[in-house]
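The following exercises concern secondary structure in a predicted model. Each task is followed by a solution in steps.

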Amino acid sequence: LFSPWKGRTSEILSSLPLHILLYVNGIYYIFYFLATLAMIIYKSQVFSYPDDLLAPDLAVLFLMAILEVPRLYLGFKGNLTEAEAPLGLSLGLTVGSVVLCVYQLLWQTYVLQADVLLNAVLLSAYGLESGLKVTAIAAFVS
Amino acid sequence: PVDTRDATQARLRSLPAPITDVSRLCVCDLLVAQCDTNCCCDPDCSAQDFGLFTACSVPVVTGDSRLCSQKAAVYSLDVEANPPERIFKLIDQVNPSIFCIHATNYKQALYLKSPEIPTAENFDQLLDKFGGATFSAELDSWNLDTDAQNPPDANETSRYEYGVPVQTEDAFLRLPSPVVSSWCSDANPAGFLVNQATKCIRSVSVEKCDSVQALSMLFYINSSILASVFQVNITVQSIAVQSLNGTRSLVSSSDVLRLPMVLDELCINAVLGVNYHITYTDTGEIIGAAAAFVLGAISKEALSIEQSFEISFTQENTQPVPLSGNPGYVVGLPVRAGFQPQGYPFPAAFLFAALALSSNKHRQLTILQSTSSQDCLAAQGARAPVLFGYNMISGCKLRITAAMQCQPLAQTLLDVLKGQSFPEYVASFGNSQAQDVLDWVPITQLHISEQMISGTLQSSCQIPVSLGIEVKWTKYGSLVNPQARIVNVTATITTSTLKQLASGRERIIPITSSVVFTDISSPAEPSYKAWPTINIKLPFDFFYPFV
């Protein structure tokens, strides 16, 4: 029988928790994006929201969305191919996303209670992800 | 010194800081150093004052209720205690909604915006922004539109609207009038269709007689009025010369310009009065202007003279009749009245015009005017015009002696009450023309005898004691701009028996006359435009060749 695994250890270095977390993160992010966009629209109607303050908030949200796509893709790819480079790049993008998330939590024009909840959940997901990525990179390198 | 001035200016330029502490904020504290009733948060109130309150007008003082958690000051009255006392609690108010504001980085979101203090630098910009009737963010685009309309001057001057200043070559047609004090100011423009008459004082001296412009005729007819595409020159209609003792005489040659000059220590040909007559068409274009002057002489001792100016507007091809409204009567203007000529309605209606408008006192409905002596027989002839909308009552006292004859007395009293020429018709609208006979309402005359009221008929002498004119009017026309229209006029004469007096005795009876205006408008009926109908008609030969 031709076994491709002969001569190799059968240990899989890809982190399953990381994969699950990335998957859940993707779904959660779609919900987060739609919810935050809806809330910004709600805030602009109900509160006094001048245009020069609305623009940065929307820009941050869309920038986060743009960052999220490559970040998740690189995370998946790096994890599955057990390569450190994509995973490292994903970690770098995660740092950017964390900064933007903190902005949404602290420096937005109006921070509603719902905003606080959504961003806190996202931040904790990022934190957990970063930890798992670091562990995975360490596993791949060694 | 410069620094302190800058500092004070800087202090003045900023408003005091707003109070945001709920425990110190009290909206019902309006009186300074005094207790406001039912204001539980007022620091000027003592415990005895709280005992007199019934309720707290301001129970809670909070910031924006949409905040997730904030401090709230709660005031309440404890009515159980004796005396009632005020309870003040500072609590944390929590908004349970998930969309409550947790934090905000935009300071002005929760507070009213502090207005900009006007300074010398930003005053013009603030005036542009807030000086108009509307505060529009698109103010610049509005300004551009109005600028675009200004250049075509020809369109502007061809049609005048009511009140618009009459434009001349250099500025406006001036009607000098007193402003603030009685001294003449030459800056008053004459408004189109605004009939004005002003009197003012101008300081003069005989030495500067020919150099003061306002005394010369040329000053008033110099500029020509701008109207449509051509200019209307002001012609001299007539010149009247007033002598020093006040008599006026018309000058035959009114086309010669008489300029002021010094003659024998007098300044002659000085303008004492100007009367402008402007003729206009029914579309609002001015077609003629004429000025009638009164010239006089100023003596050496005179330091000032009184000048009078008048302007009147007449529509072309109409009689210059003062209207009491256009078309409905205006409250306060005299009720127009007239007579019917003999042989109405067959002879031409222009006779009506001639008779009705022949003299001033016949044109109006008048009522007896009370005088200070209050004696009916002494004050004959004093009449006051009946003004539309003003109910009036006037009267006099009649002293009856035994020697008075009844019939002449009755006739005299009738004259006193009704006046020399009591009109027969009253104009229905303020601008009713004499030619339109249907626009005039006949005055119904009624006689009521007081004896008939008491039930017994006596054929003894009756004298009129009161005249009551009741004018019934209604609102006519559109709902948004109703016009007053007189519908019915009834003049009721009440007579009473004159009892014979014993000789030597006399009686005083009051004679009254009154005018009452009654509004008999029926409630307005809204009317709607008819629904548009689809008007389809088939052509005659539509079904050719089958039909």
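Helices are DSSP runs of H or I with at least four residues, and strands are runs of E with at least two.

**Exercise 1.** Determine what secondary structure residues 85–106 of chain A adopt, and how far apart the end C-alpha atoms lie.

Solution. Step one: the UniProt record, in an unreviewed entry, lists residues 20–42, 54–73 and 85–106 of chain A under "transmembrane region". Step two: the span 85–106 of chain A is 100% helix and 0% strand, with its end C-alpha atoms 32 Å apart. Step three: residues 20–42 of chain A are likewise 100% helix and 0% strand, and there the end C-alpha atoms are separated by 33 Å.

**Exercise 2.** Check the span of helix 8 of chain B against its number of residues.

Solution. Step one: helix 8 of chain B covers residues 406–418, which is 13 residues. Step two: at 1.5 Å a residue the helix should span 18 Å; the end C-alpha atoms are 18 Å apart, so expectation and model agree. Step three: the buried residues of this helix, under 20% relative accessible area, include C406(B), L409(B), L413(B) and L417(B). Step four: just after the helix, G419(B) has a positive phi of about 90 degrees.

How values were computed:
Residues are numbered from 1 along each chain as its sequence is written. Chains are lettered from A and ligands numbered from 1 in the order in which they are written. This is a predicted model: local features need pLDDT of at least 70, side-chain atom pairs count only at pLDDT 80 or more; totals for chains, interfaces and linings use all residues. Side-chain values use heavy atoms; hydrogens and water are left out. The expected span of a helix is 1.5 Å times one less than its number of residues. Buried means under 20% relative accessible area, exposed over 50%, partly exposed in between (1.4 Å probe, protein chains only). UniProt positions are given in the numbering used here, feature names are shortened, and annotations may be inferred rather than shown by experiment.
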